[in-house]
Amino acid sequence: MLKKYLGKIKLGLFFILSVVNSYAMSIGPIYFNQRIDGSGGYQEYEIDNPSFSTKRYKIQVTPENNNKELKKKMEKWVEVYPKVLTVPPKSTGKVKVLIKSPPNTKPGEYSFVLAPTPITIPTLENKNGDSKLATIGIQAPLHFSMALNGYVGNLGDIYKDVKIEKLKSNDGLKVKMTNNMKREVALDILVTDNKTRYRDLLRIKAGKTVEKTYKNGKKLEIKEAPTGLEIKTLY
């Protein structure tokens with residue numbers, strides 16, 4: 001009875017690991033946060049395929065807007081290359097995204113959705129080397145998406161309108177960050193402690209405040225992603 005039960009557990013674990021291997025992926029960076037007026041904003045995204053099988057994606061960037069008329073106009077702002085991306089096993093593919101608004105676009109923040117949609121890839125499974133027994137194996141697609149923000153016009157001064165305060169803490173560096181700009185801000189934070197250095201990326205929406213404690217933190221270097229502008233250093 002116990003052997004039969006353990007056998008079911010092993011089979012279940014094998015199925016879970018197979019699913020994870022089939023669908024595991026990562027995409028980055030997780031932000032856009034650039035001006036899209038003038039010459040437009042440009043960002044490259046990497047899609048990692050850690051599995052043992054080739055993955056293929058249809059790449060789309062679509063506006064995230066309830067206004068159908070505005071959404072239809074915004075769809076013309078986006079250029080994506082390639083539109084279909086094939087990523088071999090244990091490899092990384094690159095997607096280039098350019099978003100450019102037309103002249104006289106109203107100042108403000110505009111949201112888009114980056115949606116790499118998996119495309120099924122037919123594969124031949126030959127049993128016992130007999131071509132007559134060859135079958136088609138197709139993996140079911142897994143859909144996912146990521147929200148991006150671009151903006152038109154000057155919606156604030158990151159040096160004046162992003163407030164970063166050091167708070168009292170006995171457990172490292174505690175920081176209060178307030179975004180008073182009229183757009184989302186992405187903060188690239190390099191944390192230094194006694195032993196290591198590591199990064200943290202925070203997206204803070206307009207008008208919002210975030211408090212974070214970095215355990216054993218001794219120094220924080222805070223920049224804006226993706227511009228690399230240094231905002232503040234805390235000790």
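These legends walk through close-up views of a predicted model.

**View 1**
Side chains of opposite charge can pair when their charged atoms come close. How exposed or buried are the two partners? Asp37 has a relative accessible area of 18%, and it counts as buried because the cut-off is under 20%. Arg35, at 36%, is partly exposed.

**View 1. Arg199 reaches over to Asp188.**
In this salt bridge, the closest N and O atoms of Arg199 and Asp188 are 3.1 Å apart. Arg199 sits in strand E15 (residues 197-204) and Asp188 in strand E14 (residues 185-193), so this pair ties together parts that are 11 residues apart in sequence. Arg199 is exposed, with 54% relative accessibility.

**View 2. Lys212 pairs up with Asp200.**
Stay with strand E15 for this one, since Asp200 belongs to it, while Lys212 comes from strand E16 (residues 209-215). The partners are 12 residues apart, and the pair links distant parts of the chain. Asp200 is buried, with a relative accessible area of 16%, whereas Lys212 is partly exposed at 26%.

**View 3. Three charged residues join in a network.**
Which residues are linked here? They are Glu184, Arg203 and Lys205, and what links them is a network of salt bridges. Across the whole model, the salt bridge count comes to nine.

**View 4. Now for the largest nonpolar core.**
This core has 22 residues. Those with the most contacts inside it are Ile36, Ile59, Trp77, Ile99 and Phe112. Several strands give two or more residues to this core, among them E3 (41-49), E4 (55-63), E7 (91-99) and E8 (108-118).

**View 5. Meet the neighbours of Trp77.**
What does Trp77 touch, once residues up to four places away in sequence are left out? Its contacts include Ile36, Ile99 and Phe112, three names you met among the residues with the most contacts in the largest core. Trp77 also touches Leu98, Lys100, Ser101, Pro102, Thr105 and Tyr110.

Definitions and conventions:
Residues are numbered from 1 along each chain as its sequence is written. This is a predicted model: local features need pLDDT of at least 70, side-chain atom pairs count only at pLDDT 80 or more; totals for chains, interfaces and linings use all residues. Side-chain values use heavy atoms; hydrogens and water are left out. A salt bridge is a side-chain nitrogen of Lys or Arg within 4 Å of a carboxyl oxygen of Asp or Glu. Buried means under 20% relative accessible area, exposed over 50%, partly exposed in between (1.4 Å probe, protein chains only). Helices (H or I, at least four residues) and strands (E, at least two) are DSSP runs, numbered from the N terminus. A nonpolar core is a set of buried Ala, Val, Leu, Ile, Met, Phe, Trp, Tyr and Cys residues joined through side-chain atoms within 4.5 Å. Contact means heavy atoms within 4.5 Å.
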